[in-house]
Amino acid sequence: MTGRMIDQEVERLTPQLIEDRRYFHQHPELAFQEENTARVVAERLRELGLEVRTGVGRTGVVGVLRGGRPGRTVLLRADMDALPIEEENDVPYRSQNPGVMHACGHDAHTAILLGVATVLAGMREEIAGNVTFAFQPAEEIVSGAKEMIEAGAMADPPVDACFGLHVWQNLPVGVIGVRSGPLMASGDVFRAVIRGRGAHAAEPHRGIDATLIASQTVVTLQSLVSREVPPLESAVVTVGQLHAGTASNIIASHAELEGTVRTFDKEVRRHLSERVPALIRSIAEAMGAEAEVEYSFGVPATVNDPAMTEIVRAAAAEVVGSENVVEATPTMGSEDMSFFLEAAPGCYFFVGSSNEGTGKTFGHHHPRFDIDEQVLPIGVETLIRATLAYLNGSE
């Protein structure tokens, strides 16, 4: 199929892409609850003649398209889960599930990947190799990718490379952001309980103030980034929760805090994983208290392979023009596509989805998040061209 024929096929498919995206938007499901979404996806993939496995990583779906000629295998991934947000958009396709909303674009990702599967299934005899379509649950709690991989999503057939995309409100529709190397940060979590001694607020000398110690801890943790992380490296240490005390006239006997650590560099990540717990414990000890600390490694950084990135960059230029392909700005947000990229070289990229003219500018996780649906065919065609360039380019 020529490039022009791909254009025409995607254009013909666009009404279906919009219909699919709006259906998924109306029926959002939280992490590991994507039963209806998975059922619809599996049915569509079976209709296309793909080999389909369900329950991969609990609610994940895998479809395998085997090409007409032998070759390598590329995995394409879309996440399916929504967020616990009450939608504020007044649109016909508004969420019908109270308190749950597709406020990050995973409805679009699912529709896009179904579109890619539809086009590629129609040209399977021209494909050298295989395409694995991974519809992933639970990205919002960065758990689904790892569970899918552990359940064999990349094993049969063995995956050689992978691609994924995210609709991106920081870019206008018609622009694609691509970047080699680190794109999104690792994400780890720490929790601490500080145990002091309660007392009357009027007699602080009789207690050990857990609130004061926790406050000192929050401030001092910032010194790890400013004084222990190399100035040319990026890192974030944020305490997002702090709970202490029961009344204004009581010295708190204990305090609980929880935070996140983000970085792109493996060595910085290792260093902070040791220093955050050590600093919390030492502050507590210095002030006469004790601290129990848990540090949990979450997702690694999302790192794009240089060669795979150039394939996407070239494909994107064919779709939107080279002048509309920009260097993506790294973000300290995390994304469990990183597990797929650790297992096989690949590229994760951003497809612009905002439109100031129509008011679709609200950011990800906002109750009025919405996208310009012109992003759908752009995403489909870019993934198709990148997939074919990788597979057929290996002949």
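F350 is buried at 1% relative accessibility, where buried means under 20% relative accessible area, exposed over 50% and partly exposed in between (1.4 Å probe, protein chains only). W168 also counts as buried, at 12%. The model is predicted: local features need pLDDT of at least 70, side-chain atom pairs count only at pLDDT 80 or more, and totals for chains, interfaces and linings use all residues. Residues are numbered from 1 along each chain as its sequence is written, and side-chain values use heavy atoms, with hydrogens and water left out.

Rings of Phe, Tyr and Trp (its six-membered ring) pair if their centres lie within 6.5 Å; planes under 30 degrees apart count as stacked, over 60 as edge-to-face and the rest as tilted.

| Pair | Centre to centre | Angle between planes | Class |
|---|---|---|---|
| W168 and F350 | 3.8 Å | 5 degrees | stacked |
| Y295 and F297 | 5.6 Å | 65 degrees | edge-to-face |

W168 belongs to strand β5 (residues 161–172) and F350 to strand β16 (residues 346–354), so their pair ties together parts 182 residues apart in sequence. Strands (E, at least two residues) are DSSP runs, numbered from the N terminus. W168 and F350 form one aromatic cluster with Y348.

In the other tabulated pair, Y295 is buried, with a relative accessible area of 17%, whereas F297 is exposed, at 52%.

A charge sits over a ring if NZ of Lys or CZ of Arg is within 6 Å of the ring centre and within 35 degrees of the ring normal. The charged end of R58 is placed over the F32 ring, 3.6 Å from its centre. R72 lies over the face of Y390, 3.9 Å from the ring centre.

Technical notes:
Helices (H or I, at least four residues) and strands (E, at least two) are DSSP runs, numbered from the N terminus.
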